[in-house]
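This briefing is intended for reading alongside the sequence and the three-dimensional view.

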Amino acid sequence: MGTRRVIIAFGWGIFTLLLGLGSVYSYDVIEVEHGGTIEGTITLDGVVPEPKGFNLITFPDPMYCGRISNGRGWRLLHDFVVSRQGGLKDAIVLLEGIETGKPFDLSVPLIEARDCMFQPFMTIVRNGHAVEVINMDPVMHDIQGYETSPEAGARVLFNTPLIMNHQHHRGDLHAMHNHAPGKSLIGPIYLNKGRRTFYMQCGFHAYMESWAMAVNNPYYAVTDADGKFVIDGIPPGTYQLVVWHPQTGPGTTKSVIVQPDGKVVERLSLPAPKGNRTPYKVMDNPRFGLQSLGYTIDIRPLVENQQ
């Protein structure tokens, strides 16, 4: 079992990370004949949790980051996005046990820090390849990266500033993101083996989160707004279908048989967390009101009024 190497690029507005698994995993590309398909829907079983609430007066840059807020000084993190029919967005569905098959069509995923939000919330990365993070905001972000797994727990990878983008008009809350990031520098970091989930948060703005899963084969999907997914071109055989979301625990695994030219339809669910997430509850409390600052501040949700 070897180490994993992570390449991080520090600099004005851009940050690059190489993710990989501790063991060397061989995947061979072949022409798949009579490949099958797995499609279906992932739902959330239980009550949809309220979004996490973060009072903007306790974090830096409340006016700029308040461009997305609820109009009462709270920034919300919608870590559960569920359709009217119960479909769960941003769940990862992947097949384990495939060593040969279709080629990867995955390019380097791009994560943007935009309006004090990491987009997208969920990302897939290929084992040993890169994730690119770009700061489009006129405020500094502090990138804190962790690798984690249910078995091995979390481990800190890095903590480094992502310099504000000076091309953005900082004083103009109506300014649009029509600029580019700057150049970057590169330095190596070595990771422990056994983890495959990457979690990133801003140390200045805790409501900024992004997750990534490292995969060994191209048979994966991220569920859409209706919780639907499709994985095609699968070599006939028996595999483990894994479903995972970062806020629902270890996930669900099911054995599936893919027949030649066959289609498997699955409807699986992940359990909703139980209990209240009290530390993140939105409340109207004078201690957290704008008047507690002792000076006037105007937090206006110009980009999105979070409900």
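This is a predicted model: local features need pLDDT of at least 70, side-chain atom pairs count only at pLDDT 80 or more; totals for chains, interfaces and linings use all residues.

- Strands of a sheet pair through backbone hydrogen bonds, in either a parallel or an antiparallel manner.
- Five bridges connect strand β8 (residues 92–96) with strand β21 (residues 237–244), and the sense of this pairing is antiparallel.
- Within that pairing, isoleucine 92 has tryptophan 244 of β21 as its bridge partner, and glutamate 96 has glutamine 240 of β21.
- Strand β21 is also joined to β22, by seven bridges, and these two strands run antiparallel.
- Glycine 237 is placed opposite valine 258, a residue of β22.

**Nonpolar cores**

- In soluble globular proteins, nonpolar side chains tend to be buried together.
- The largest nonpolar core contains 37 residues, and the residues with the most contacts inside it are Ile38, Ile42, Leu95 and Ile234.
- Strand β21 supplies the largest share of this core, namely five residues.
- Apart from this core lies another, of 29 residues, which includes Ile111, Val125, Phe198 and Ala214.
- Beyond its neighbours within four places in sequence, isoleucine 234 is in contact with Val32, Gly35, Gly36, Thr37, Ile38, Leu95, Ile98, Tyr219, Tyr239 and Val258.

**Cysteines**

- How many disulfides does a search of the whole structure find? The search finds one.
- This disulfide joins cysteine 65 to cysteine 116, with an S to S distance of 2.0 Å.
- Cysteine 65 lies in helix α1 and cysteine 116 in the loop between β10 (110–113) and β11 (118–119), so the link ties together parts that are 51 residues apart in sequence.
- The link between cysteine 65 and cysteine 116 is left-handed, with -60° about the S-S bond.
- Both cysteine 65 and cysteine 116 are buried.
- Cysteine 202 is buried, and its relative accessible area is 1%.

**Arginine 67**

- Arginine 67 is located in the loop between α1 (62–65) and β6 (68–69).
- Is arginine 67 buried or exposed? Its relative accessible area is 2%, so arginine 67 is buried, given that the limit for this class is under 20%.
- With residues up to four places away in sequence not counted, arginine 67 touches Asp115, Asp172, Leu173, His174, Ala175, His177, Arg300, Pro301, Leu302, Val303 and Glu304.

**Serine 210**

- Serine 210 belongs to strand β18 (residues 209–215).
- With a relative accessible area of 1%, serine 210 is buried.
- The side chain of serine 210 reaches the backbone oxygen of proline 120 at 3.2 Å.
- Not counting residues up to four places away in sequence, serine 210 touches Ile111, Phe118, Pro120, Phe121, Thr123, Phe198, Tyr199 and Met200.

Conventions
Residues are numbered from 1 along each chain as its sequence is written. Side-chain values use heavy atoms; hydrogens and water are left out. Two strands pair if DSSP finds at least two bridges between them. Helices (H or I, at least four residues) and strands (E, at least two) are DSSP runs, numbered from the N terminus. Buried means under 20% relative accessible area, exposed over 50%, partly exposed in between (1.4 Å probe, protein chains only). Contact means heavy atoms within 4.5 Å. A nonpolar core is a set of buried Ala, Val, Leu, Ile, Met, Phe, Trp, Tyr and Cys residues joined through side-chain atoms within 4.5 Å. A disulfide is a pair of cysteine sulfur atoms within 2.5 Å. A polar contact is a pair of N or O atoms within 3.5 Å; within protein, one must be able to donate a hydrogen and the other to accept it, and residues adjacent in sequence count only if both atoms are side-chain atoms.
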